[in-house]
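Here is a short briefing on one protein chain. Look at the structure first, then work through the points below.

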Amino acid sequence: MTGDIQPADLGFFSTLASAGSLSAAARELGVTTPAVSKHLALMESRVGVSLVNRTTRRMGLTPEGELYLEHARRILGEIDDMEELIGVAKAVPKGLLRVNATLGFGRSHVAPLISRFARKHPQVEVQLQLSVNPPPLTDDSFDVCIRFGAPPDARVIARHIAPNRRLLCASPAYLAKHGTPKVPNDLTRHNCIGIRQGEEAYGVWRLTSGRGKTVATEAIKTRGNLTTNDGEIAVNWALDGHGILMRAEWDVERYLRNGRLVQVLPQYYTPDADIYAVYPQRHQLAARVRTFVDLVALSFAQQAASGKS
């Protein structure tokens with residue numbers, strides 16, 4: 001019957017998509033390849049559209065198949081959540097965990113943690129997507145987002161993971177050649193490495209001095225001949241002596257310790273970029289989410305205690 005989606009089809013199609021081929025799915029499901037092909041054909045007949053493009057060498061999802069997979073995995077995840085809430089799953093982490101993080105930070109800090117998490121919890125299927133900007137809070141594409149700054153939205157839970165200052169820094173060679181800024185306005189005469197990320201005004205650095213009633217913030221419009229949307233590239237340019245960089249402490253602290261970078265204008269403060277794990281309220285009791293966020297928080301606490309090495 002056209003338009004009839006069976007509950008058993010959801011897990012089958014998720015396994016098929018992850019396996020990448022009919023034969024691989026057959027091995028994982030413990031059935032024959034013709035049985036997998038027949039099940040897929042029955043699914044496509046019921047929904048009335050083609051879900052998979054089949055070739056002799058590889059298998060790919062059609063646009064309808066991608067949409068089917070997205071909703072199937074979301075529904076399967078919600079079933080896992082329900083089982084955990086009523087105690088059926090005994091709080092064992094399992095199911096699909098979709099994680100989002102920024103490019104450089106996700107690559108250097110989040111991906112290694114996912115490797116540890118997957119080794120400890122093999123029943124969890126983890127998907128990591130790195131992006132320049134965090135997804136909208138109303139987007140249901142991810143279970144956990146590791147992001148900088150607390151989101152101003154009560155519909156999500158934002159767990160503080162670690163403090164994270166933004167620092168101004170440059171290589172000793174650059175400062176020896178061009179001089180060291182003494183006050184914020186001096187930055188206008190320096191080559192400043194630009195990073196286009198997030199929604200903040202590009203090229204405007206805000207520096208604050210004083211406390212209480214004497215606090216004052218200056219907005220400095222910087223300039224420079226190098227710009228990127230990748231923080232790791234920007235750090236490497238600073239290490240090569242191309243200019244002054246504003247970057248999160250977690251990304252440059254080791255270079256400040258070994259002297260390859262020097263902090264600039266240390267008496268001034270830039271906006272904080274504390275690290276948060278953000279996830280929907282409905283996921284707060286899901287074992288896979290709770291366990292992963294606990295692992296992230298513990299790891300960052302240990303790194304902070306050891307000097308972020």
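Asp-294 is partly exposed, with a relative accessible area of 36%. Here, buried means under 20% relative accessible area, exposed means over 50%, and partly exposed lies in between (1.4 Å probe, protein chains only). This is a predicted model: local features need pLDDT of at least 70, side-chain atom pairs count only at pLDDT 80 or more, and totals for chains, interfaces and linings use all residues. Residues are numbered from 1 along each chain as its sequence is written, and side-chain values use heavy atoms, with hydrogens and water left out.

**Salt bridges**

- Asp-294 forms a salt bridge with Arg-159, and their closest N and O atoms are 2.6 Å apart. A salt bridge is a side-chain nitrogen of Lys or Arg within 4 Å of a carboxyl oxygen of Asp or Glu.
- Arg-159 sits in strand E6 (residues 156-162) and Asp-294 in helix H9 (residues 287-305), so the pair ties together parts 135 residues apart in sequence. Helices (H or I, at least four residues) and strands (E, at least two) are DSSP runs, numbered from the N terminus.
- Arg-159 is partly exposed, at 30% relative accessible area.
- Arg-107 pairs with Glu-232 in a salt bridge, with 3.0 Å between the closest N and O atoms. Arg-107 belongs to helix H5 (residues 103-120) and Glu-232 to helix H7 (residues 231-239), so this pair ties together parts 125 residues apart in sequence.
- Arg-107 is partly exposed at 41%, and Glu-232 is partly exposed at 41%.
- Arg-46 and Asp-9 meet in a salt bridge through their side chains (2.5 Å, N to O). Arg-46 lies in helix H3 (residues 33-47) and Asp-9 in helix H1, so parts 37 residues apart in sequence are tied together.
- Arg-46 counts as buried at 15% relative accessibility, and Asp-9 is buried at 3%.
- The structure holds 9 salt bridges.

- Helix H1 covers residues 7-19, and its buried residues include Asp-9, Phe-12 and Phe-13.
- Glu-78 is found in helix H4 (residues 63-85) and is partly exposed at 34%.
- Glu-78 and Leu-96 are 18 residues apart in sequence, and their C-alpha atoms are 9.7 Å apart in space.

**The sheet**

- Five strands form an open sheet with mixed pairing, in the order E4-E3-E5-E14-E6. Two strands pair if DSSP finds at least two bridges between them.
- Strand E4 (124-131) and E6 stand at the edges with a single partner strand each, so one side of each has no neighbour in the sheet.
- Neighbouring strands of this sheet are turned by 25 degrees against each other on average, direction ignored. Axes are lines fitted to C-alpha atoms, for helices over the stretch in contact, and angles run from 0 to 180 degrees between N-to-C directions.
- Strand E3 (residues 95-102) and E4 run parallel, joined by 8 bridges.
- Leu-96 stands opposite Glu-125 in E4.
- H5 packs on the sheet and touches E3, E4, strand E5 (144-148) and strand E14 (275-280). The direction of H5 makes about 155 degrees with that of E3.

**The whole chain**

- The protein chain has 9 helices and 14 strands.
- Buried residues make up 44% of its 309 residues.
- Among contacts (heavy atoms within 4.5 Å) between residues at least 6 apart in sequence, 73% join residues at least 24 apart.
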